[in-house]
Amino acid sequence: MKKNLILVLFALLLISGPVSSQNDDSKSKRNFWFGPKIGLDLATPTIDQNSIKTQFDSNSQYGIFFQFGKVLYLQPEFYYATHKESYTSGSAAAVETKVNTLKVPVMVGLRLLNLGIISAHVMAGPQGSFFLNESNPLPHFTRQTSNFDLQFGGGVDVLGFVTLDVRYSSNLSNSVETTIQQLNWKNAVNVTLGIKFR
């Protein structure tokens, strides 16, 4: 129910985007945007709605982003992220736990193409993930409280206010060779959809 309410609010923001942009005076527009974003980590490439829904139910993130700059820009983001894990203890049945984290990517982006209706960009930067809590803590196990990755990828902006990003992640301790080897769908790929406001 909570996720459905969030999706409805997000849809309303999507509809209101063009209206708010039409009310802006072009002379007063600045190279600064902000807005809400939702996303998930896709374990496998798919456009099947049922598969996406299943993966969204097991992991999702909701947050806000800020963008400073036009062609070359800085984009910090803040997400409340949740994912499900399961574990077994001895002969007992599997126990499911929901893990909540705070994700803070700080991306540097470059707009490569701008056709007005659609534009394309690439981006890269570090992401910090910070453990918040979990529903069923594993006995005798201390969870890592923080983790730092390098994210890189690209995306498109549509109609100037809808932004879609697809990013890979690699642990900052990995070598360049390991990072290149991870460029496949065996590791989750982060997909986010957002709305930009001035």
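For these notes I count a contact when heavy atoms lie within 4.5 Å.

**Ground rules.** I am working with a predicted model, where local features need pLDDT of at least 70, side-chain atom pairs count only at pLDDT 80 or more, and totals for chains, interfaces and linings use all residues. Residues are numbered from 1 along each chain as its sequence is written, and side-chain values use heavy atoms, with hydrogens and water left out.

**Entry 1: Q61.** I looked up Q61 and found it in strand β2 (strands are DSSP runs of E, at least two residues, numbered from the N terminus). Is Q61 buried or exposed? Q61 is buried, with a relative accessible area of 3% (buried means under 20%, using a 1.4 Å probe and protein chains only). Leaving aside residues up to four places away in sequence, I see Q61 touching K37, I38, G39, L40, Y79, Y80, A81, K103, N190 and T192. With N190 there is a side chain to side chain polar contact at 3.2 Å (a pair of N or O atoms within 3.5 Å, one able to donate a hydrogen and the other to accept it).

**Entry 2: the strands around β2.** Next I checked pairing, which requires that DSSP finds at least two bridges between two strands. Strand β1 (residues 32–42) runs antiparallel to β2 over 8 bridges, and K37 stands opposite G63 there. On β3, I noted an antiparallel pairing with β2 over 9 bridges, in which A81 is the bridge partner of Q61. A hairpin of 2 residues joins β2 to β3.

Entry 3: I then moved to strand β6 (residues 146–158), which pairs with β7 (residues 162–171) in the antiparallel sense over 10 bridges. Which residue of β7 is the bridge partner of G155? I found D165. The β6–β7 hairpin has 3 residues between its strands, and L159 in the turn has a positive phi of about 60°. β7 also pairs with β8 (residues 189–195), antiparallel over 6 bridges, and L164 has L193 as its partner in β8.

**Entry 4: the largest pocket.** I noted 30 lining residues, with D41, K103, S129, N147 and D149 nearest the centre. Two or more lining residues come from each of β2 (59–69), β3 (72–87), β4 (95–114), β5 (118–134), β6, β7 and β8. By class I get 6 nonpolar, 19 polar and 5 charged residues in the lining (Ala, Val, Leu, Ile, Met, Phe, Trp, Tyr, Cys and Pro are nonpolar, Asp, Glu, Lys and Arg charged, and the others, Gly among them, polar). My pocket rule: on a 1 Å grid over the protein atoms alone, an open set of points where a 1.4 Å probe fits, with protein on both sides within 12 Å along at least five of seven lines; lining residues have an atom within 4 Å of a point.

Definitions and conventions:
Helices (H or I, at least four residues) and strands (E, at least two) are DSSP runs, numbered from the N terminus. Buried means under 20% relative accessible area, exposed over 50%, partly exposed in between (1.4 Å probe, protein chains only).
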